[in-house]
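Welcome, and please take a moment to look over the sequence and the model below. We will walk through them together, one region at a time.

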Amino acid sequence: MIEKCAPLLSDDVIKRAEKLGVALLLDGVKKAKIDIPNGGCMDADVMPVDRGMCVVGTALTVETSDGDNFPIHVASYSFDADGYVMVIDGKGFDKRAYFGDLIMGACQAVGFKGMVIDGYTRDRDGNIELEFPVYSKGFMPAGPIKKNEGNINTEIMCAGVRVAPGDLVVGDSDGVCVIPKEYIEAVLTEAETKLEYETNRRKTIAAYREARKNGTELPQLAPQWVIDMMK
């Protein structure tokens, strides 16, 4: 089944998410008390091919299995991909790589911002040279098969997270999260509040470090909530 792409998320949403990162967004999910599978956090073994890779974009989904990358090829060449992240439910299959640097390069050429797969990839060095964000469960040199159409732009489960076309996908060195489109505003707002808190905490820690170095009066280092809970 091949469906149309969901509308792209607004530039404002993308820019706000780019300032936050995965950990803060997941804190936002928790603070907003949103009940979604795994809190929106993909399995811990879905990681960037190279540290420092980051991606923020709108989900374009693919469902396949058994190392069959024909649906990934179809998704790669069928849409105006600018602004989308290809999120692939590969069922965690570990006997074959689903794709390597040729598909990665093609996806990069047509405008995809990155790729995320519940499965394995290959051509790690080539991927790094492309500077194209790819998140997978690891590396497997054995090549894929090409057989079934699969499903494109349907709701999937990817590494423990439900993903619908049009959801917000964010990846960084910590891993990947997916925020359902209907909860994006609430999550961003809570995550931005947490960012402000963390910024102030870093200032406090820096001030404490400087005071200790200079032998001056030490500011309160422990957060007030810790002190309150200890009473």
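A word on the ground rules comes before anything else. This is a predicted model, in which local features need pLDDT of at least 70 and side-chain atom pairs count only at pLDDT 80 or more, while totals for chains, interfaces and linings use all residues. Residues are numbered from 1 along each chain as its sequence is written, and side-chain values use heavy atoms, with hydrogens and water left out.

Let us begin with the overall view. The protein holds 7 helices and 10 strands; these are DSSP runs, with helices being H or I of at least four residues and strands being E of at least two, numbered from the N terminus. Its C-alpha trace spans about 70 × 35 × 30 Å along the principal axes. Of the 231 residues, 47% are buried, where buried means under 20% relative accessible area, exposed means over 50% and partly exposed lies in between (1.4 Å probe, protein chains only). A contact here means heavy atoms within 4.5 Å. Among contacts between residues at least 6 apart in sequence, 75% join residues at least 24 apart.

Now find helix H2, residues 22-31. H2 is mostly covered, with 7 of its 10 residues buried. Those buried residues are Val-22, Leu-24, Leu-25, Leu-26, Asp-27, Gly-28 and Val-29. Their cover includes strand S9 (168-172), strand S10 (175-179) and helix H6.

How do H2 and H6 pack? Their angle is about 115° and their axes are 7 Å apart; axes are lines fitted to C-alpha atoms, for helices over the stretch in contact, and angles run from 0 to 180 degrees between N-to-C directions. H2 passes H6 in a right-handed crossing. A crossing is right-handed if the near helix is turned clockwise from the far one by less than a right angle, and left-handed if anticlockwise. On the H2 side, Leu-24, Leu-25, Asp-27, Gly-28, Val-29 and Lys-31 meet Val-187, Leu-188, Glu-190, Ala-191, Lys-194, Leu-195 and Glu-198 of H6. The residues of this contact divide into 7 nonpolar, 1 polar and 5 charged. In that count, Ala, Val, Leu, Ile, Met, Phe, Trp, Tyr, Cys and Pro are nonpolar, Asp, Glu, Lys and Arg are charged, and the others, Gly among them, are polar.

H6 (residues 184-214) also packs with helix H1 (residues 11-18), at an angle of about 35° and with axes 10 Å apart. Here the crossing of H1 past H6 is left-handed. Val-13, Arg-16 and Ala-17 of H1 make the contact with Ile-184, Glu-185, Leu-188, Thr-189 and Glu-192 of H6. That contact has 4 nonpolar, 1 polar and 3 charged residues.

Another pair to look at is helix H3 (residues 70-77) with helix H4 (residues 101-110), which pack at about 25° with axes 9 Å apart. H3 is therefore roughly parallel to H4, a term used for angles under 35 degrees. The residues in contact are Ile-72, His-73, Ser-76 and Tyr-77 of H3 and Ile-103, Ala-106, Cys-107 and Val-110 of H4. They divide into 6 nonpolar, 2 polar and no charged.

Next come some single residues. Thr-58 sits in strand S2 (residues 55-63) and is buried, at 1% relative accessible area. A polar atom of the Thr-58 side chain lies 3.0 Å from the backbone nitrogen of Leu-9. Ile-152, in strand S6 (residues 151-152), is buried too, with a relative accessible area of 0%. Leaving aside neighbours within four places in sequence, the contacts of Ile-152 include Met-1, Leu-60, Val-74 and Phe-79. Ile-152 and Phe-79 are 73 residues apart in sequence and 11 Å apart in space, C-alpha to C-alpha.

Finally, turn to two loops. Most residues other than glycine have a negative phi. Lys-33, however, has a positive phi of about 55°. Lys-33 is in the loop between H2 and strand S1 (47-48), and counts as exposed at 75% relative accessibility. Lys-91 likewise has a positive phi, of about 60°. The place of Lys-91 is the loop between strand S3 (84-89) and H4, and this residue is partly exposed, with a relative accessible area of 45%.

Definitions and conventions
Parallel < 35°, antiparallel > 145°, perpendicular 65-115°, else oblique. Polar contact = N/O pair within 3.5 Å; in protein donor to acceptor, adjacent residues only side chain to side chain.
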